[in-house]
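Please examine the sequence and the structure shown here. The briefing then treats its topics one by one.

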Amino acid sequence: MDKTLAHLADFHDEAPLVKGNLTFHDITEIVSSHTEKKTPLAWYGAFGLALSGLMLMIVMIAYLFWNGTGVWGLNNPVGWGFAIVNFVFWVGIGHAGTLISAILFLFRQQWRTAINRSAEAMTLFAVICALVFPGIHVGRVWAAYWMLPIPNQMGMWPQFKSPLLWDVFAVSTYFTVSAAFWYVGLVPDLATLRDRATGFRRKIFGVLAMGWTGANRHWRNYEKAYLLLAALCTPLVLSVHSVVSFDFAVSVVPGWHTTIFPPYFVAGAIFSGFAMVVTLMVVARKVYKVENIITLDHLEKMNIVILLTGSMVGFAYIIEFFIAWYSGVQYEQYAFINRMFGPYAWAYWTMMTCNLFFPQFFWFKKLRRSIPFMFTISIFVNVGMWFERFVITVISLHRDYLPSAWDYYTPTFVDVLTFVGTFGLFFTLFLLFLRFLPMVAVSEVKGVLPQADPHFYDHEGDGHGADHTLDVATSEKKTAH
Amino acid sequence: MLNQIASEVKATMGIYEAQEDAVYGVMAEFAHPGELLHAAQSVREAGYRHFDTHSPFPIHGMDKAMGLGNSIVGWITLGGGIVGLTLATWMQWWMGEVSYPINISGKPFFAIEPSIPVMFELTVLIASLATVAGMFAMNGLPRPYNPLFYSSNFLRVTDDAFFLHVAASDKQFNLETTGKLLKDLGGKNIETIRDTGEED
């Protein structure tokens with residue numbers, strides 16, 4: 001009887017979230033030291049590379065502004081090319097950060113504390129990359145402010161019946177709220193850096209930390225605000241990619257006009273975002289030696305999310321195809337036959353292989369716990385999700401109704417290099433973040449340690465599951481020495 | 001009267017007034033969250049109200065131990081949400097129907113259905129910003145000057161140390177008896193905090 005109960009207890013005890021039996025101070029040290037040490041040479045190398053990418057993007061945008069959108073590969077049926085593909089791609093990547101920070105918070109998935117800071121940073125930087133494109137693709141950039149409800153000399157207002165305008169509101173709200181959420185999460189950690197710093201650095205972090213003292217009267221309001229922000233971000237993140245999908249779904253183009261788009265876009269966004277988080281974390285945890293905080297278990301959980309959302313996306317691809325046939329509409333049916341066997345079949349099959357086929361390997365525990373393997377798969381998913389947006393945008397447009405209006409779209413070097421350049425922008429911002437801010441939410445990770453629970457110390461430290469975990473870790477450490 | 005209300009409101013934010021002899025309060029360090037929770041409860045039971053615990057992370061059950069109710073930030077969020085929703089509805093109606101109506105394929109100048117996405121987004125936007133601003137306001141932040149920062153030991157509060165501070169503005173405060181109470185509860189490094197107004 002006792003044995004069965006003990007067995008059950010073991011089954012319910014989760015593996016410790018933080019490995020290596022770390023103390024509160026160890027966590028502060030591991031995370032803060034990276035912002036305090038001398039800048040490593042490798043960082044300069046990576047930053048130089050990223051900065052050249054950013055310069056490339058700026059040069060390409062300047063070239064575009066000087067000459068107009070004619071330098072892009074757009075033609076008559078294909079009025080939306082790389083700019084829209086890249087916009088949707090980058091916005092989608094951002095979604096994983098909010099999912100981790102808000103939705104997993106509401107579901108009390110405490111493992112999120114190790115990755116939420118960097119995933120949220122990724123969200124912000126991805127949305128910045130996305131926001132570049134609507135601004136530059138309007139053609140007459142000097143009139144880009146027409147997107148906003150600002151009084152102008154014509155006395156006109158934006159057209160609120162247009163999904164494109166909903167998108168302006170959705171993405172800018174998303175960016176603002178994500179930035180606010182991120183900053184709120186950062187405040188206690190900025191205070192940690194402030195208390196460790198001296199001189200000018202101390203003044204900077206002093207201003208940013210706003211005089212945070214870890215007072216319980218403050219934590220009380222802080223935790224409530226954090227919970228409410230998570231609750232507000234959850235519908236927001238689901239709405240953002242839904243609204244992005246309205247840009248397509250509300251039109252009458254075959255291949256776009258479907259009701260499955262909002263959920264399918266959201267699943268795809270989470271799928272691509274998690275792939276990007278895995279790509280970045282696999283490298284960052286190694287370089288910054290935080291393997292005990294961002295453990296293999298964390299990566300495995302993310303791979304499970306990739307498998308789940310990848311299968312949802314794959315299912316949506318198949319349903320889309322079925323509905324096209326079932327609708328009995330000739331144009332709709334042709335749009336899907338054309339995706340599979342038309343001139344862009346290569347793009348379609350790249351998408352299907354990367355998004356539907358490759359993630360299925362994650363059914364195997366060995367594979368989803370293998371670092372090189374998951375890194376490879378995450379790259380495939382990133383590529384596949386870019387192609388998904390290409391398939392939706394370009395293939396649907398290039399052959400719509402009358403064959404006389406059909407054309408083939410080929411991107412120019414400006415299209416390609418602008419896209420390459422946005423990676424420069426993204427990595428420039430991400431490297432600055434890694435260099436100057438705590439990449440792990442220090443106070444949140446401390447909060448999920450077993451010794452953070454005040455009842456951990458009851459009964460002189462035994463008789464509790466949390467204690468048991470620590471004891472095991474301690475004895476392991478002893479044998480290791 | 002007004003001054004008293006103002007100082008009580010400030011006390012809920014953790015901002016206390018120093019005594020005439022510049023004494024701001026007494027602070028003690030505790031070994032771990034369990035001790036701190038126990039100490040907070042005892043200090044509360046001893047009748048103190050102007051006191052606070054400081055820790056590197058929120059401690060579960062501390063609000064109850066300190067006798068604090070639910071945070072009112074939620075009401076500020078609700079207010080922000082109502083403002084956002086009203087603003088979005090009014091803006092879309094006024095711009096589309098009143099200021100410059102444009103007939104587009106005979107659609108109504110203003111209708112609820114196409115207005116919902118913007119109504120939703122602005123509700124979330126203003127509610128979130130109100131939450132953040134409200135949280136900082138309730139906490140009396142930003143507060144760059146805090147007498148607690150005079151204690152060099154207090155630098156560890158954002159790392160791995162747990163403190164309890166009883167403010168001198170509390171009616172029961174007495175430098176000796178309060179200090180003794182904290183010591184009896186197991187407090188270490190008991191310090192008198194002085195609000196001297198000087199740079200350190």
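Predicted model: local features only at pLDDT ≥ 70, side-chain atom pairs only at ≥ 80, totals over all residues.

Residues are numbered from 1 along each chain as its sequence is written, while chains are lettered from A and ligands numbered from 1 in the order in which they are written.

**Contact between the chains**
- In chain B, 62 residues are in contact with 56 residues of chain A (C-beta atoms, placed from the backbone, within 7 Å).
- Helix 5 of chain B gives the most to this side of chain B, with 17 residues; helices (H or I, at least four residues) and strands (E, at least two) are DSSP runs, numbered from the N terminus.

**The sheet of chain B**
- Four strands of chain B form an open sheet in the order 2-3-1-4, with antiparallel pairing; two strands pair if DSSP finds at least two bridges between them.
- The edge strands are strand 2 and strand 4 (188-194) of chain B, each of which pairs on one side only.
- Strand 2 of chain B is joined to strand 3 (residues 162-167) of chain B by four bridges.
- Phe51(B) has Val166(B) in strand 3 of chain B as its bridge partner.

**A helix pair in chain A**
- The axes of helix 12 (residues 345-357) and helix 14 (residues 371-398) of chain A come within 8 Å and cross at roughly 145°; axes are lines fitted to C-alpha atoms, for helices over the stretch in contact, and angles run from 0 to 180 degrees between N-to-C directions.
- Residues making this contact include Ala347(A) of helix 12 of chain A and Phe380(A) of helix 14 of chain A.

Key:
Contact = placed C-beta atoms within 7 Å.
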